[in-house]
Amino acid sequence: MKLAVLPGDGIGPEIVAQAVKVLEVLNKDGMKIEMEHAPIGGAGYDAARDPLPEATLKLARAADAVLLGAVGGPQYDTLDRPLRPERGLLRIRKELNLFANLRPALLYPELASASTLKPEVVAGLDIMIVRELTGDVYFGQPRGIEMRPGPDGRAERVGFNTMIYSESEIRRVAHVAFGIAMKRGKRLCSVEKANVLECSELWREVVLEVARDYPEVELSSMYVDNAAMQLVRNPKQFDVIVTGNIFGDILSDQASMLSGSIGMLPSASLDENNKGMYEPIHGSAPDIAGKDIANPLATILSVAMMYRYTFADAATADRIENAVKKVIAQGYRTADIYTEGCKKVSCNQMGDAVVAAM
Ligand SMILES: NC(=O)c1ccc[n+]([C@@H]2O[C@H](COP(=O)([O-])OP(=O)(O)OC[C@H]3O[C@@H](n4cnc5c(N)ncnc54)[C@H](O)[C@@H]3O)[C@@H](O)[C@H]2O)c1
Ligand SMILES: CC(C)[C@H](C(=O)O)[C@@H](O)C(=O)O
Ligand SMILES: [Mg+2]
């Protein structure tokens with residue numbers, strides 16, 4: 001297996017190094033994963049004046065899977081938009097056609113007290129958010145900032161983006177979500193804003209059409225503002241959520257806090273053949289970068305997802321997830337999930353603890 005490893009920026013290299021330790025253990029046990037590192041995001045810009053250097057994209061295309069840390073940082077925020085780290089991430093998702101982004105929010109029982117919500121609200125939480133990843137307002141044209149006449153007739157700046165979905169884009173991600181629901185609790189909630197947006201109206205219609213192929217799945221629809229509220233009021237009402245790119249981005253960060261920390265949520269971004277890119281849902285966390293205090297578990301759990309979805313090796317995925325369960329049960333905590341009485345560890349120490357638990 002060939003794995004493209006793209007650490008990126010900020011805490012990216014720190015957390016990816018811990019996931020690489022886990023992969024090295026698997027290699028020692030005979031797995032044969034060939035890892036090749038390449039720059040992306042700000043690191044890509046620094047190396048090649050491109051947030052997605054040609055060589056990185058070539059490596060990612062040739063690889064069986066991609067492991068990514070995170071991109072972005074304040075030093076890049078004033079670059080022209082096409083040169084910004086985030087654009088490199090969006091481009092690799094688009095280039096590899098990774099339209100289905102799986103973001104599981106799962107609460108490890110010992111972390112109930114790390115969540116900012118009451119333990120009884122989050123205990124037993126297990127939600128899968130399926131976020132469409134290559135469409136929506138992220139990629140819609142036209143977009144830009146330009147001068148237009150203002151209310152007083154004088155020119156003023158106007159910023160605009162386009163929210164757009166075709167029925168084929170909605171249909172393919174809906175099929176992925178229904179398929180996942182079939183393997184879980186058979187309940188799917190489609191989240192949109194059909195009361196206001198035509199784009200969402202079409203989303204709702206197409207999801208209803210796809211539902212005919214999955215009579216066993218109980219489908220509901222919810223407006224995104226209500227969904228944001230319900231996720232905090234009673235998150236356990238959800239099994240699988242399917243939603244568009246921007247709503248999924250926001251709701252998954254929100255859902256991450258139900259599991260104790262954004263540092264706990266992994267993700268898989270898949271194409272139609274389950275080839276994929278794996279990354280934590282969080283960003284490069286510039287505020288804690290270089291301090292060896294970031295939580296690497298979301299990245300390590302992303303490696304488990306890689307085994308489950310791209311390599312179809314559930315036993316290895318279980319092995320990694322069980323090691324994470326074990327270190328949490330043993331009381332190891334990075335700062336973001338620390339509660340009194342636990343063992344506070346650094347990013348590196350957490351990686352070592354997972355390796356020891358394998
Ligand atoms: N997929 C990605 O690469 C990705 C995702 C989100 C944001 N970003 C980028 O990251 C930069 C920072 O964005 P932001 O601050 O809005 O979001 P962020 O996710 O980087 O950080 C938000 C907060 O969560 C904390 N945090 C995040 N990951 C953590 C971890 N593993 N362990 C402990 N704490 C963690 C951070 O310290 C910060 O306080 C921006 O440049 C943004 O564009 C990248
Ligand atoms: C950095 C940004 C482009 C990205 C997104 O919005 O998709 C991030 O927030 C994420 O959730 O992966
Ligand atoms: Mg996000």
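Here are legends for a few views of this predicted model.

**Figure 1. The whole chain.** You'll find twelve helices and 14 strands here (DSSP runs numbered from the N terminus, H or I of at least four residues for helices and E of at least two for strands). The radius of gyration is 20 Å, close to the 21 Å that the globule rule gives for 358 residues, so the chain is as compact as a globular protein of that length (C-alpha atoms are used, and the rule is 2.2 Å times the number of residues to the power 0.38). Residues are numbered from 1 along each chain as its sequence is written, with chains lettered from A and ligands numbered from 1 in the order in which they are written. Local features need pLDDT of at least 70 and side-chain atom pairs count only at pLDDT 80 or more, while totals for chains, interfaces and linings use all residues.

**Figure 2. Around ligand 2.** Gly72, Glu86, Leu89, Leu90, Asp249, Ile281 and Gly283 surround ligand 2 (C-beta atom, placed from the backbone, within 6 Å of it). Helix 4 (residues 85–95) gives the largest share of this shell, three residues.

**Figure 3. A look at serine 256.** Serine 256 sits in helix 9 (residues 245–256). It counts as buried because it has 22 C-beta neighbours inside 10 Å (20 or more is buried, 12 or fewer exposed, in between partly exposed, with C-beta atoms placed from the backbone). Leaving out residues up to four places away in sequence, serine 256 touches Ala105, Ser261, Ile262, Met264, Leu265 and Ile281 (C-beta atoms within 7 Å).

Terms used:
Two residues are in contact if their C-beta atoms, placed from the backbone, lie within 7 Å.
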